[in-house]
Number of protein chains: 4
Amino acid sequence: MIIQIDKNIDLNKQVEIVDKLTNKGFKITPVKTQKGNYLIGTGKGKIDLRTIGNMEGILDIHKVSDDYKLVSKKWKVGATAIDLGDGISISGGGGFAMMAGPCSIETEEQIIKTINHLKENDIQIMRGGVYKPRSSPYAFRGLGIDGLKLWYDLAKEAGIKIITEVMQVSQIEEMYDYVDVYQVGARNTQNFNLLDELGKVDKPVMIKRGISGTIDELLYSAEYVFSAGNENIILCERGIRTYERASRNTLDLNAIPILKEKTHLPVVADPSHGIGIRQHVDTMALASIMAGADGVIYETHETPEKAYSDGQQTLDFSESEQLIKKMRKTVALRDELAVGKL
Amino acid sequence: MIIQIDKNIDLNKQVEIVDKLTNKGFKITPVKTQKGNYLIGTGKGKIDLRTIGNMEGILDIHKVSDDYKLVSKKWKVGATAIDLGDGISISGGGGFAMMAGPCSIETEEQIIKTINHLKENDIQIMRGGVYKPRSSPYAFRGLGIDGLKLWYDLAKEAGIKIITEVMQVSQIEEMYDYVDVYQVGARNTQNFNLLDELGKVDKPVMIKRGISGTIDELLYSAEYVFSAGNENIILCERGIRTYERASRNTLDLNAIPILKEKTHLPVVADPSHGIGIRQHVDTMALASIMAGADGVIYETHETPEKAYSDGQQTLDFSESEQLIKKMRKTVALRDELAVGKL
Amino acid sequence: MIIQIDKNIDLNKQVEIVDKLTNKGFKITPVKTQKGNYLIGTGKGKIDLRTIGNMEGILDIHKVSDDYKLVSKKWKVGATAIDLGDGISISGGGGFAMMAGPCSIETEEQIIKTINHLKENDIQIMRGGVYKPRSSPYAFRGLGIDGLKLWYDLAKEAGIKIITEVMQVSQIEEMYDYVDVYQVGARNTQNFNLLDELGKVDKPVMIKRGISGTIDELLYSAEYVFSAGNENIILCERGIRTYERASRNTLDLNAIPILKEKTHLPVVADPSHGIGIRQHVDTMALASIMAGADGVIYETHETPEKAYSDGQQTLDFSESEQLIKKMRKTVALRDELAVGKL
Amino acid sequence: MIIQIDKNIDLNKQVEIVDKLTNKGFKITPVKTQKGNYLIGTGKGKIDLRTIGNMEGILDIHKVSDDYKLVSKKWKVGATAIDLGDGISISGGGGFAMMAGPCSIETEEQIIKTINHLKENDIQIMRGGVYKPRSSPYAFRGLGIDGLKLWYDLAKEAGIKIITEVMQVSQIEEMYDYVDVYQVGARNTQNFNLLDELGKVDKPVMIKRGISGTIDELLYSAEYVFSAGNENIILCERGIRTYERASRNTLDLNAIPILKEKTHLPVVADPSHGIGIRQHVDTMALASIMAGADGVIYETHETPEKAYSDGQQTLDFSESEQLIKKMRKTVALRDELAVGKL
């Protein structure tokens with residue numbers, strides 16, 4: 001059960017509501033986000049909603065039978081749009097967000113060339129890594145905060161928003177002034193402390209599905225961020241680990257219509273990691289669109305063969321440009337066909 | 001290595017070629033299909049192709065480094081079209097084949113209604129099961145050969161081709177006069193005797209990917225049929241078994257561009273089994289098209305809730321009609337964009 | 001529900017029972033095995049067992065809530081022993097069956113040497129393949145029926161029982177006189193026609209778990225054989241397909257106590273395929289014993305490095321001898337500790 | 001390549017060595033642990049070891065072809081023993097460590113009863129969670145640091161060592177005075193920052209295998225801790241995520257002999273999470289012993305049905321006592337048989 005309460009509710013009134021529900025067998029967790037105040041009721045309690053629906057200070061109330069609550073479409077039927085400022089947004093209910101850039105931020109020249117490529121193609125969000133999770137401690141781990149500052153300044157000047165991975169709690173504050181969207185990587189989808197702390201900032205968070213994470217676990221991870229105070233969440237399907245070795249991961253496009261049915265949050269796809277094979281990234285990006293994705297995030301680099309990482313799944317600028325044109329036409333057809341909206 | 005030889009080659013000449021190659025370390029398997037005669041060389045042999053290329057009776061010769069040979073695109077660069085007669089075909093190189101019908105053939109009335117639905121929507125191939133593989137021995141196992149005869153007669157009269165599952169060697173001959181395409185189900189993908197025997201008939205065979213089969217295993221299974229004499233093979237991605245429980249299977253659309261790169265055979269998708277959720281079948285069918293599928297096979301029934309099996313993933317005729325229209329527009333866009341053809 | 005009926009029941013009495021149950025909403029499948037006659041009731045019927053329990057011709061009656069029936073421990077509490085003749089058996093309730101031999105039967109000399117190795121170590125059952133399921137059609141497919149005859153004659157003379165894989169229905173009769181236990185391989189676990197036909201013979205059948213088969217699917221496959229008339233079934237855990245690449249398969253030893261809880265049939269382990277690494281086969285064999293296996297089946301060859309197949313997971317005779325000694329001591333300890341019997 | 005250097009090496013000498021190797025194409029990472037100073041050479045460099053082997057300050061030098069280095073058995077052939085003080089240790093080379101206790105630390109009474117149970121059975125290490133990773137943000141997350149302090153004091157008084165999960169970097173210091181072994185949970189196996197920071201403390205760390213982690217990834221995670229300065233690492237197999245639903249996880253006992261072959265670190269098994277079914281935990285614990293585990297960690301509680309979490313896989317004290325006795329006998333047999341030591 002979710003009860004939205006007035007932000008200015010009298011504290012005694014709130015206590016009265018909580019007591020009433022607790023007596024009926026609910027465990028109540030109060031949640032306060034940028035957008036609203038809520039009481040989340042879990043457990044095996046039972047109550048006739050009419051007996052509390054008209055209590056003072058209650059704005060809205062819904063039963064939500066899912067184990068995740070605030071991210072459920074049973075709570076909020078309409079799609080959520082994540083506002084990045086300057087008229088740029090990622091929405092669960094229309095439009096299509098393209099995010100492109102290198103696996104790793106490498107040099108000033110690389111950043112500038114990528115920004116130019118995006119500007120020429122009207123792309124407004126750039127991806128890139130400055131903290132790289134690597135299986136081996138001896139591999140390149142990214143340029144760190146200095147790389148981020150350099151990148152952010154150049155992007156801001158160009159009117160480009162940036163999305164980049166945050167790997168640990170201590171980086172959240174450090175990165176805050178230099179990031180438009182925090183990305184939680186597939187190895188951190190269930191790093192619950194990181195999620196809790198990202199709930200306390202007011203910048204959007206994109207959560208990638210875990211390496212072998214279920215769809216429900218992804219929704220729970222979003223619930224962590226939301227219930228800790230941050231409603232601005234984007235979900236990302238990036239492929240799961242299976243026995244198949246012909247592709248890097250198994251891009252689970254089933255997850256897109258299923259997630260869109262379960263949650264009001266926007267859902268994007270990452271075809272670069274999803275298939276891991278450069279010549280097929282475009283095909284899977286277009287397939288993701290027809291599957292209903294609200295956006296894509298993919299890797300591009302001026303010279304993929306020289307990239308510090310992930311070159312085998314990175315498009316060059318010419319391939320990227322072709323893909324962008326095809327994506328726009330595919331999105332147009334999808335909108336015309338109203339795919340996934342019946 | 002594959003050597004195509006003249007169908008009328010002098011036997012002594014053929015022995016001479018085989019001896020030469022055997023002496024060079026190859027193991028030679030002779031293959032005779034509807035369309036040609038071949039010598040397949042496997043093992044660690046080495047030879048300068050020029051020393052045999054101009055021997056009498058040799059039409060063509062190629063090195064094929066893949067472990068599968070005759071189904072490889074390294075052998076045959078152009079796409080293969082499978083001719084079902086009466087101008088109907090399933091092609092790896094253009095067009096788009098739609099196959100629809102119930103999970104199980106149930107009654108004459110059901111067959112007629114489905115045929116009418118297909119005719120009204122210009123669909124030329126009907127799917128349906130008369131032999132049903134079921135986990136439990138106590139479940140409905142299909143109408144059998146009598147159901148097949150009834151169905152085939154009605155379909156033939158209407159100008160509709162039929163595709164249906166064959167479960168064992170003894171059924172091949174029994175079914176022969178009443179089937180246009182034999183389907184090998186996901187539990188039989190590695191039933192090698194069945195594949196061998198299907199190589200001896202001259203009707204097309206559609207092989208579904210195994211329940212947890214790899215892409216390479218699917219190609220090997222096709223190689224069984226081809227090397228036993230039957231070149232008319234269609235491959236089908238129908239979802240694989242993973243840990244995810246929110247969908248019946250995990251439709252692996254990555255497999256489509258990867259298969260299209262590796263083989264000249266047509267590749268179709270089965271979104272019904274691939275996701276297993278009725279309201280998302282259409283979305284996944286459209287995604288399959290953008291992923292490059294040469295066709296789809298999906299389940300439709302006048303009243304899915306009354307179907308003997310698979311009702312939860314079956315479209316009613318109205319949903320099917322909507323889907324067909326959307327698929328045609330999506331195929332048109334895909335052709336315009338030349339997806340997967342660069 | 002399972003009703004055991006008198007073999008000599010008056011047919012009218014049987015019809016009366018079936019009618020009564022059908023009227024109560026059950027679907028009744030009659031089953032006749034070597035050992036008894038049964039009526040299997042499935043579906044949503046409900047009945048007070050006392051109202052039929054004392055009808056003439058009914059020997060025993062039990063509710064079995066599992067979807068598999070005759071193989072369930074809810075039907076038959078005591079363990080089943082599979083009698084191979086000459087005092088040799090594989091039992092779910094005591095003793096420990098060791099089956100060893102090469103992956104493929106290769107030559108007379110190889111057979112004789114293996115038999116001698118088994119005799120010296122008091123092993124009574126020899127494994128080996130004459131029909132080999134191979135991913136590639138160009139690989140060695142076994143010596144076939146002639147190899148089987150040779151092998152069987154030599155084994156019989158030595159008092160050794162043999163177990164070997166049957167790949168298709170037509171082989172069942174052909175092999176019948178030359179086999180003590182039919183083995184159903186992991187690619188055929190859900191080859192339902194093969195299972196049905198094996199239900200019609202009176203020789204024991206060992207069913208391997210499917211390549212990515214569930215525990216329940218294995219029990220269903222056994223139910224196929226049982227309900228078709230053959231009660232003599234052995235189950236085999238041989239590893240499942242997962243994402244892990246450091247071993248050939250993932251030996252799922254959890255499956256052993258779980259199967260032993262669910263079924264009265266004996267359960268053996270195949271550590272050779274289960275790990276696929278020669279130097280660790282012995283360790284996994286011993287672990288299987290402590291997990292509760294009723295037997296093991298493993299690969300041994302005089303010179304594994306020269307074996308036609310599976311050499312990388314095959315023990316030489318000296319390693320095999322060491323393992324046998326260790327297994328005997330481990331079984332002795334397991335019996336002393338009464339593992340899995342509390 | 002790993003070069004162990006003298007702790008008191010002249011800095012100029014060290015620079016000289018690094019320069020020489022860098023010139024030969026190696027990337028050098030210096031590592032300083034509690035026990036030694038090392039230079040780790042990665043990349044494609046080549047050098048004749050004899051040309052540097054006798055340089056001043058070099059104690060030992062080995063080529064290690066694995067991608068993980070310091071944890072490899074190619075570097076250190078002998079097994080590592082992790083000393084917990086007071087004569088208690090967990091060793092890769094003998095003995096057998098038993099760790100038992102509740103899933104969650106709940107109350108003082110619960111702690112005392114568990115300690116008494118352990119003391120009565122001569123168990124020296126107690127497990128328990130005070131920070132609980134939970135999929136849902138609304139579930140019980142543990143007693144936190146206050147619970148840890150209470151527990152540690154009681155355990156210390158009783159001469160019992162404790163192992164408990166650390167979930168984030170900020171907890172490391174906070175927990176330091178109240179913990180004997182830090183545990184890294186399955187969701188944090190690739191939380192690289194956490195691993196890095198645990199490399200900076202001098203208390204032992206037990207790393208659980210990731211939820212769908214490979215064996216190699218587990219070794220890499222250990223390499224993170226080691227290369228950051230902490231050699232005291234224990235690895236734990238706790239089951240992986242597969243499609244099988246009859247057990248909570250699939251305990252991969254193959255991993256134990258494979259890990260023992262690859263690394264000198266001790267490897268323990270967690271049968272409680274590995275199968276997740278109370279009545280089979282003992283069987284899988286014994287199987288783990290025969291598979292070569294250096295210890296087990298399992299859940300026990302006075303009244304499992306009342307436990308805050310994981311009751312379905314928790315043994316009561318009577319079951320635990322029985323298991324301990326059986327484990328001791330099984331370890332004795334294993335030692336006698338020298339399993340995995342040939």
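Chains B and C meet through 27 residues from chain B and 27 residues from chain C, where contact means C-beta atoms, placed from the backbone, within 7 Å. This is a predicted model, in which local features need pLDDT of at least 70 and side-chain atom pairs count only at pLDDT 80 or more, while totals for chains, interfaces and linings use all residues. Residues are numbered from 1 along each chain as its sequence is written, and chains are lettered from A and ligands numbered from 1 in the order in which they are written.

**The side of chain B that touches chain C**

- At least two residues each are supplied by β3 (37-42), α5 (169-176), α6 (192-198) and α7 (215-227) of chain B; helices (H or I, at least four residues) and strands (E, at least two) are DSSP runs, numbered from the N terminus.
- Helix α7(B) gives the largest share of this side, with five residues.
- By class, this side of chain B has ten nonpolar, twelve polar and five charged residues. Here Ala, Val, Leu, Ile, Met, Phe, Trp, Tyr, Cys and Pro count as nonpolar, Asp, Glu, Lys and Arg as charged, and the others, Gly among them, as polar.

**How chains A and B are related**

**A helix pair in chain A**

- Helix α10 (residues 281-290) and helix α11 (residues 317-337) of chain A pack at an angle of about 20°, with axes 9 Å apart. The axes are lines fitted to C-alpha atoms, for helices over the stretch in contact, and angles run from 0 to 180 degrees between N-to-C directions.
- α10(A) and α11(A) are therefore roughly parallel, a term for angles under 35 degrees.
- Among the residues that meet here are A:L286 and A:I289 in α10(A), and A:L323 and A:M327 in α11(A).
- This helix contact has seven nonpolar, one polar and four charged residues.

**Domains of chain A**

- Domain 1 (2-62) and domain 2 (81-337) make up the assignment for chain A, with bounds from an automatic or database domain assignment.
- Their C-alpha centres lie 36 Å apart.

Note on methods:
Parallel < 35°, antiparallel > 145°, perpendicular 65-115°, else oblique. Contact = placed C-beta atoms within 7 Å.
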